[in-house]
Amino acid sequence: MRTVALLAGLMAASVAWAAEPVCDPLALDLTRTPQRTQSYPGLRETVKVQAARPARAEAVLIGDSLLAGWRTDLPAAFPATAVYDFSVGGDRVANVLWRLDNTDLSPLRPSVAALLIGTNDLAAGTPACAVAAGIAAIVERLRVLWPDTPVFVLTIPPRGRDFHEIDAGRLEVNAAILSLGNRLGGVHAVKIDDDAFTCGRYGNSLAADRQPCGNYADDNLHFSARGYVELGRILRRASADALGENVFR
């Protein structure tokens with residue numbers, strides 16, 4: 001009965017999503033159809049990530065290079081939590097769907113899953129509505145895969161020289177992420193504060209051109225070690241607020 005109720009809720013959410021302004025069917029097909037990465041380095045990383053699936057994990061991170069870049073530092077960041085980083089650099093939403101369909105993650109039953117994906121889709125010109133729909137499809141997969149596992153969906157952080165590179169689509173996707181957290185049980189939107197995470201540069205484009213932000217690498221896309229420390233704080237706060245306990249220890 002629990003599974004039937006969950007599927008009914010997911011179908012209702014999908015109907016509500018479909019009722020929103022029409023999105024190009026070609027774009028929707030691109031983001032909601034599982035697709036193995038076409039990048040050779042990405043494919044090699046995918047194989048390694050699949051092979052590294054542990055016997056157990058308290059937390060699972062799912063996404064692209066923004067989370068994959070954290071992999072080697074996770075034991076130090078969360079020494080008391082078994083974290084499996086199921087992320088691959090360069091991935092788009094369709095690649096995550098493919099990995100979920102082609103990796104047996106069902107035995108893990110984590111206490112929490114965290115998703116951060118979409119920046120590569122937007123940078124490639126994919127319409128924001130389709131990116132948001134793809135993210136929703138990933139969340140639906142995760143809720144069916146682990147019905148008792150809360151899913152944290154992080155908003156896409158700013159990027160680019162002045163941190164406004166993909167804003168037209170990014171802000172639309174982030175608004176959809178925030179609403180998704182209100183529509184599905186067990187799903188929690190985690191808002192990354194644009195101005196705070198960019199060291200105040202997001203709200204001051206002139207300063208962004210002149211002064212780097214210590215949370216970012218030189219490309220103003222990937223995170224620095226300090227940026228991952230801040231991301232850890234964000235996840236800890238989200239865990240405490242949503243679950244009443246800090247899963248990321």
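Analyst: One term before we start: a disulfide here is a pair of cysteine sulfur atoms within 2.5 Å. Also, this is a predicted model.
User: How many disulfides does a search of the whole structure find?
Analyst: Two. In sequence order, the bonded cysteines pair 1-2, 3-4.
User: Which residue does C23 join?
Analyst: C23 is linked to C129, with an S to S distance of 1.9 Å. The link of C23 and C129 is right-handed, with 75° about the S-S bond.
User: Which parts does that pair tie together?
Analyst: C23 sits in the loop between α1 (2-18) and α2 (25-32), and C129 is in helix α8 (residues 128-145), so the bond ties together parts that are 106 residues apart in sequence.
User: C23, buried or exposed?
Analyst: C23 is buried, at 9% relative accessibility. C129 is partly exposed, at 24%.
User: And what about C199 and C213?
Analyst: They form a disulfide, with sulfur atoms 2.0 Å apart. The torsion about the S-S bond is about 60°, so the C199 and C213 disulfide is right-handed. C199 lies in the loop between α10 (194-197) and α11 (205-210), while C213 lies in the loop between α11 and α12 (225-243), so this pair ties together parts that are 14 residues apart in sequence.
User: How do C199 and C213 come out on accessibility?
Analyst: C199 is partly exposed at 23%. C213 is buried at 3%.
User: Switching to packing. How many residues are in the largest nonpolar core?
Analyst: It has 35 residues, and I135 and I138 have the most contacts inside it. Several elements each supply at least two residues, among them β1 (59-63), β2 (83-87), α6 (93-101) and α9 (167-183).
User: Which element gives the largest share of this core?
Analyst: α8, with eight residues.
User: What does I138 contact, leaving aside neighbours within four places in sequence?
Analyst: I138 is in contact with V93, V96, L97, L100, L115 and I117.
User: What's in the second core?
Analyst: That one is separate and has 28 residues, including L67, W70, L221 and Y228.
User: Last topic, confidence. What's the mean pLDDT of the protein chain?
Analyst: The mean is 91, and 89% of residues reach 70 or more. Over residues 1-5 the pLDDT is below 50, and that stretch has two contacts beyond near neighbours in sequence. Residues 11-19 also stay under 50, with 11 contacts beyond four places in sequence.
User: How should low-pLDDT coordinates be read?
Analyst: Where pLDDT is low, the predicted coordinates should not be read in detail.

Technical notes:
Residues numbered from 1 in each chain as written. Predicted model: local features only at pLDDT ≥ 70, side-chain atom pairs only at ≥ 80, totals over all residues. Heavy atoms only, no water. pLDDT = per-residue confidence, 0-100. Contact = heavy atoms within 4.5 Å. Helix = DSSP H or I, 4+ residues; strand = E, 2+ residues; numbered from the N terminus. Buried < 20%, exposed > 50% of the residue type's maximum accessible area, 1.4 Å probe, protein only. Core = buried A, V, L, I, M, F, W, Y, C linked by side-chain atoms within 4.5 Å.
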